[in-house]
Amino acid sequence: MNGPSSRADVALLAVNGLTVEFDTDEGVVRAVDGVTFDVKPGETLGIVGESGCGKSVTALSIMRLLPQPMGRIVGGEILFDGENLRQLPLAAMQRIRGARIGMVFQEPMTALNPVHTIGRQLAESLLLHEGLRPNDALRQSMDMLHRVGIPAPDVRMTEYPHQLSGGMRQRVVMAIALACKPDLLIADEPTTALDVTVQAQILALMRELQDDLGMAVVLITHDLGVIAETSDRAVVMYAGRIAEHGSVYDIFDRPAHPYTQGLLTSIPTLSTMRKSKLPVIEGMVPSLADLPQGCRFENRCAHRQPRCAEAPPERELVAGTHGVSCYRWRELTPSAAANP
Amino acid sequence: MNVETPEPAGPLLEVADLSMHFPVREGVLRRARRFNRAVDGVSFAIASGETLGLVGESGCGKSTLGRCVARLHAPTDGSINFQGEEITRLRGGRLRPLRRHIQMVFQDPMESLNARHNVGDILREPLVVQRVGDRASRELRVRELLDIVGLPARSAQRYPFEFSGGQRQRIGIARAIALKPRLVICDEPVSALDVSIQSQILNLLNDLQREFRLSYLFIAHDLAVVKHTSDRIAVMYLGKIVETGDGESIYRAPRHPYTKSLISAIPVPDPHQRARREVLWGDVPSPIDPPSGCAFHPRCPMATARCRVETPALRAVRSAPQRVACHLVD
């Protein structure tokens, strides 16, 4: 997660200073502001944050799928395998989408076309990207459905999305995203609409396919449990900026940003005492149209000082690849000094 | 904070063998040949000041059960006894007095608050409908309610869209307690909210319970949230309670195979505790024509021939303090 100079050679995806703006009724808002991270081949990077933090916009920017004409990338670069996706002609981008970068969205019902059969939607990307003959594409689609754990794939091929359960639909979406064996899968809240037992199935499936295909995964979620469960490294976003990044052990064992610390202590877990008062993060996420000048978390932070409101803190390294954007992280992280 | 003062009288709410079967109308004649057994023979009780947490996955019937208790549905069978009065068959105007005592908080406050009314109107409405107080006292009550749920007094002139999700849920809660009810049914009250806002609302619900001695039927799919807020827990699967008891003992030593897989499926926010899960395969079957015998048997790793034919009753077991509906638990 260092600058491009030192790591771009090994990173599959390197996002540097990504800045995205949207035209809204309240004027131009900056949904993503200077976001930098990288993803190495085969690893899972979790992006966690609450609504409006810019995690989905980041994903859409990588795929160049920002809603047009309201949204646009105004700064930064997105290097995928050394190539800046921002400058790629549309035709070249289309060859990457679905073939080298697959995407899974939160709501499988909206990601699937309701009037086409499962088989047709699966075969489409194979026909398009792999240049297979229709019969081969169908055979390979069937294999893929089998691979994602769908019983009786030959029957399912002829069915429509509404005939499947939510979990089955998400498996189909995953099969489509993985049909061309991409190097990178971007999964935006892939299990949020699913029940916990089905979520566990989909996460297990994702891990298994990742091991088999060796692809890297960017997993976007609001659920810290899902991050802890699946990711090698994590990025915590707040109001369009990265608050903290590091290995999952950095983030969960020694969080350095007050926002990460607050999130981790405020969620009830199965081991918190019944009806005990939960620590809270006061206030709410600021509107993108009305962001604080300095640190974006300043107005909710229990540790704020005057300088926090003046200018945003720069990213500082805590240790190794663990970085944080907070003026006071040294005082707020008891283990900071003892960090290896 | 955790001092419990049990009330000597009987339970506030007693539900016995409650069923809610919705007809599935099919064919040209729209005849109901099949039924959606959303709630199928459920019994439980809630004491004054107590929270019963109802947990289960989508389609298990937990919301329908909550709506039956609030008498938004007329149950097909069974009985609901509230403060010693049989309320199962009340209809029309005779339900109105009941509404003073049983209220609901819904999942999505944007959908459950009338967008065309300002917050003052929304909070005043229950008082007007129930003919509580006069104009002046209602104004006072609206202000008091806003203060109780932590919203500024000027909120009364504003409209729901002007508020964030968390604030809207505070309005929904203020409306629910406007009439000083005894029982509030909370149906997924925090699942639509951001993580950092959930704890604010959970704390508010806890404070209100202590202050006004409310009883809650707390419905949610998030077991951690349910365990945190509830004195006792009931786990539902396909219209039936499969395990019920103290939250701590259910979490420490779940006995029903479904509860076990539910607990093991929850991602724990601690990377050191990864991958010790037994993944449960398959989906929740449809409550229309549910599986025979124990409804969980097609997904159960331990199912035997008996499970396929004989429906297990919810009963006390020797190995744990909770009650369990499983043939294989002793």
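In chain B of this predicted model, eight strands make up an open sheet with mixed pairing, and their order across it is β6-β7-β8-β3-β9-β10-β12-β11. The edges are taken by β6 (102-105) and β11 (315-316) of chain B, each of which has a single partner strand, so one side of each is left without a neighbour in the sheet. The points below follow this sheet, then the helices on it, then a hairpin in chain B, and lastly cysteines of chain A.

**Pairing at one edge of the sheet**
- In general, the strands of a sheet pair through backbone hydrogen bonds, and this pairing can be either parallel or antiparallel.

- Helix α7(B) lies across β3 (51-55), β7 and β8 (215-220) of chain B, and α7(B) runs at about 160 degrees to β8(B).
- Helix α10 (residues 257-265) of chain B also packs on the sheet, where it touches β9 (232-237) and β10 (240-246) of chain B, and its direction makes about 100 degrees with that of β9(B).

**A pair of helices in chain B**
- Helix α6 (residues 165-177) of chain B packs against helix α7 (residues 195-212) of chain B, with an angle of about 15 degrees between them and their axes 10 Å apart.
- Because angles under 35 degrees count as roughly parallel, α6(B) is described as roughly parallel to α7(B).
- The crossing in which α6(B) passes α7(B) is right-handed.
- The residues that make this contact include B:Ile173 and B:Ile177 of α6(B), together with B:Leu204, B:Leu205 and B:Leu208 of α7(B).

**A hairpin in chain B**
- Strand β1 (residues 13-26) of chain B pairs with strand β2 (residues 31-46) of chain B in the antiparallel sense, over 12 bridges.
- One of the residues in this pairing is B:Leu18, whose bridge partner in β2(B) is B:Val42.
- The two strands β1(B) and β2(B) form a hairpin with four residues between them, and in the turn B:Gly27 has a positive phi of about 75 degrees.

**Cysteines**
- Over all chains, the structure holds zero disulfides.
- A:Cys301 is in no disulfide, and the nearest cysteine sulfur, which belongs to A:Cys326, is 6.3 Å away.
- A:Cys301 has a relative accessible area of 9% and is buried, and A:Cys180 also counts as buried, because its relative accessibility is 6%.

Key
Residues are numbered from 1 along each chain as its sequence is written. Chains are lettered from A and ligands numbered from 1 in the order in which they are written. This is a predicted model: local features need pLDDT of at least 70, side-chain atom pairs count only at pLDDT 80 or more; totals for chains, interfaces and linings use all residues. Side-chain values use heavy atoms; hydrogens and water are left out. Two strands pair if DSSP finds at least two bridges between them. A disulfide is a pair of cysteine sulfur atoms within 2.5 Å. Buried means under 20% relative accessible area, exposed over 50%, partly exposed in between (1.4 Å probe, protein chains only). Axes are lines fitted to C-alpha atoms, for helices over the stretch in contact, and angles run from 0 to 180 degrees between N-to-C directions. Angles under 35 degrees count as roughly parallel, over 145 as roughly antiparallel, 65 to 115 as roughly perpendicular and the rest as oblique. A crossing is left-handed if the near helix is turned anticlockwise from the far one by less than a right angle, and right-handed if clockwise. Contact means heavy atoms within 4.5 Å.
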